[in-house]
Amino acid sequence: MDSDKINLELGCTTCTTQTTYSVPIGPVHPALKEPIQFTFRLSGERIVGVDIKPGYAHRGIEYMGMKRNLIQVLYLAERICGICSISHPLALTQAVENAAGIEVPPRAQYIRTIIGELERIHSHLLWAGVAAHELGFDTLLHLVWKVREKVMDLLEQLTGNRVDYAIPIYGGVRRDIPDEKAGLAYEALSYYKNLLQDMINAFLHDKSVAMRTSNVGVLTYDDAVALCAVGPTARASGVKKDVRQDMPYLAYADMDIRAITPEDYGKPVVGDVFDNIVVRLLEVDQSIKIIEYCLEHMPGGELTSIPKVAALLAVLKKADGEGIGRHEAPRGEVFHYIRLEAGVEAPVAWKVKAPTYSNLMSWVPKFMGDEIADIPIIAASIDPCMCCLDRATLVDQGGGEAVKLKEELVKLSREKTRRMCG
Amino acid sequence: MIFATLIKQLLHKPATNPFPVKYMPKSVTGLLGKVARGEARINPPVPVPTDLRGKLTYDRDKCIGCQLCIKVCPANVIMFKPDEKKIRIHVARCTFCHQCVDICPTGALGLSNEFLLADTDRFSPNLIVE
């Protein structure tokens, strides 16, 4: 990767007369949906440098979780993010089941998959609406969000809640999908199948969308790989990376899931905002197929391996060990690590890595060389979620510089290992 | 093509349900009085799904005071009353996960379809179940 391109030095040290100026955007700004601070270095209209400072939405959720029992932690995890309100619990339940050695019955795995994919449909349509709004195409925003209502209604029918579905529990799921509800699901899926081509026409065959998004916010294949981008952001750059494909879990192992790239639409990979729209719309189609497969091939049997919640609490209290859980959230890979100790109800350690954390640095090459007016759509193109992202905060009591670089962090990490090993 | 969709939209009935009335009344109590006298009508809300997770129901006689619901509640909604060995539920804080319903050994807790829970006082009788 070109090291000059990702230049975080904002001051111009070599030139005698100033040819660039800086524009701060954020932490709170109408162009941004959530708090984050950008400092752009501009030469005329062109962006020549960008500094990103997250850390304005930290809530200390992992710390709160370490003071609660695991069932309470599940609902806390659901509230890490409002859009990914099944992705975090799916990753957490997998981590805890991994640590405590709890089996999940096949029917429960299929139900989890269905709810997870329904969430992907609603998240991608929500993003498509936001993208249209950022382009100034509010007609499309309202049209897409009208279409999105159907999946929200279906989720409410299946789970009882419009958001924060409270469906997974350690060892299974809490609600079945009986035949009459499966009928509702089929109905919603056929609604989407009929409308998807309209959506693709409205976005991808529209002159104004193409003008504003083609060759804007380009993330090349090499940059995406070097910066460890995940999810649709990476796939839009042609990186065939998808947890469902690479490490199948739940019901995904029974299907042939392939990471979707712009090539599937029959266009060369550019990695621009247009490709992001292509990938997300095609993934809605993929999700519809996955849900159909799950509904058709849903195995019978138990919903959970430990039906009594009080017994589950006892099993979790006895559990000892550590586990990881990964899930392909709509924005990319979400990762949960948990450590349990026998006799302690609360997790001893809980670590969450949300997709936006991995995608954050891909903003830097995306912004470079583009215009000020492109900032909102490029910022939205990775589908950022600050409340997912902010998982740690650094407080320096001495009032010193509260920024740690990689070398210092490695040093601190090694010191902690030595301290813990005695 | 989007234009054709938009023209079609014009002919559709609006999806918005003007609940409870189309325009904000000058006085809410005045409106309620009119409704009581039969001079005004309230639009019914959009029907809810069959097993919506709404306001909790509590069967006081079935409750044995085991406090398991208090243990699993993620939002600390439920308060134990040690004298009577019964519970009080503050619905204003409830996150509607209904984990307490799942764990209740006697089936004293249940779910209802009631969702009209907006109130200016979090301790109003409508928001306390006991």
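Reader: How far is the backbone oxygen of Pro18(B) from a polar atom of the Asn43(B) side chain?

Author: 2.7 Å. The model is predicted: local features need pLDDT of at least 70, side-chain atom pairs count only at pLDDT 80 or more, and totals for chains, interfaces and linings use all residues. Residues are numbered from 1 along each chain as its sequence is written, chains are lettered from A and ligands numbered from 1 in written order, and side-chain values use heavy atoms, without hydrogens or water.

Reader: Where does Asn43(B) sit?

Author: In the loop between H2 and strand E1 (56-58) of chain B. Helices (H or I, at least four residues) and strands (E, at least two) are DSSP runs, numbered from the N terminus.

Reader: And what is Asn43(B) in contact with, leaving aside neighbours within four places in sequence?

Author: Asn17(B), Pro18(B), Phe19(B), Pro20(B) and Val21(B). Contact means heavy atoms within 4.5 Å.

Reader: Which peptide bond is cis, with omega near -5°?

Author: The one from Phe19(B) to Pro20(B). Pro20(B) is in the loop between H1 and helix H2 (28-37) of chain B. Most peptide bonds are trans, and most residues other than glycine have a negative phi.

Reader: OK, phi then. Which chain B residue other than glycine has a positive phi near 55°?

Author: Lys85(B) has that value. Its place is the loop between E2 and strand E3 (86-90) of chain B. In chain A, Asp383(A) also has a positive phi, near 55°.

Reader: Is Asp383(A) buried or exposed?

Author: Buried, at a relative accessible area of 7%. Buried means under 20% relative accessible area, exposed over 50%, partly exposed in between (1.4 Å probe, protein chains only). Asp383(A) is in the loop between helix H15 (375-381) and helix H16 (386-389) of chain A.

Reader: What does the Asp383(A) side chain meet in a salt bridge?

Author: Arg331(A), at 3.4 Å from N to O. Arg331(A) lies in the loop between strand E6 (321-329) and strand E7 (332-340) of chain A and Asp383(A) between H15 and H16, so the pair ties together parts 52 residues apart in sequence. Arg331(A) is buried too, with a relative accessible area of 5%. The rule for a salt bridge is a side-chain nitrogen of Lys or Arg within 4 Å of a carboxyl oxygen of Asp or Glu.

Reader: How many salt bridges over all chains?

Author: 35 by this rule. One of them joins Asp242(A) and Arg244(A), 2.9 Å from N to O. Both of those residues are buried. They belong to a network of salt bridges that also links Glu117(A), Arg120(A), Arg235(A), Glu283(A) and Glu328(A).

Reader: In chain B, which side chain does Arg88(B) meet in a salt bridge?

Author: Glu130(B), at 2.9 Å. Arg88(B) is in strand E3 of chain B and Glu130(B) in the segment after strand E5 (128-129), 42 residues apart. Arg88(B) is partly exposed at 24% relative accessibility. Glu130(B) is partly exposed at 43%.

Reader: Now the interface. How many residues of chain B are in contact with chain A?

Author: 25, against 28 residues of chain A. About 2200 Å² is buried, and carbon and sulfur atoms give 52% of that. Buried area is the accessible area (1.4 Å probe) that two parts lose on being put together, summed over both. Ile2(B), Arg53(B) and Lys71(B) supply 28% of what chain B buries against chain A, more than any other three residues.

Reader: How many salt bridges does the rule find across the interface?

Author: Four. Among them, Asp51(B) pairs with Lys181(A), with the closest N and O atoms 2.8 Å apart. On the chain B side, helices H1 (2-11), H3 (68-72) and H4 (99-103) are the elements that give two or more residues.

Reader: How confident is the predictor in the complex, as ipTM and pTM?

Author: ipTM is 0.87 and pTM is 0.89. Chain B averages a pLDDT of 88, and 99% of the residues score at least 70. pLDDT is the predictor's confidence in each residue, from 0 to 100. In chain B the lowest mean is 84, in H1(B), and the highest is 92, in strand E2 (residues 78-81).

Definitions and conventions: A polar contact is a pair of N or O atoms within 3.5 Å; within protein, one must be able to donate a hydrogen and the other to accept it, and residues adjacent in sequence count only if both atoms are side-chain atoms.
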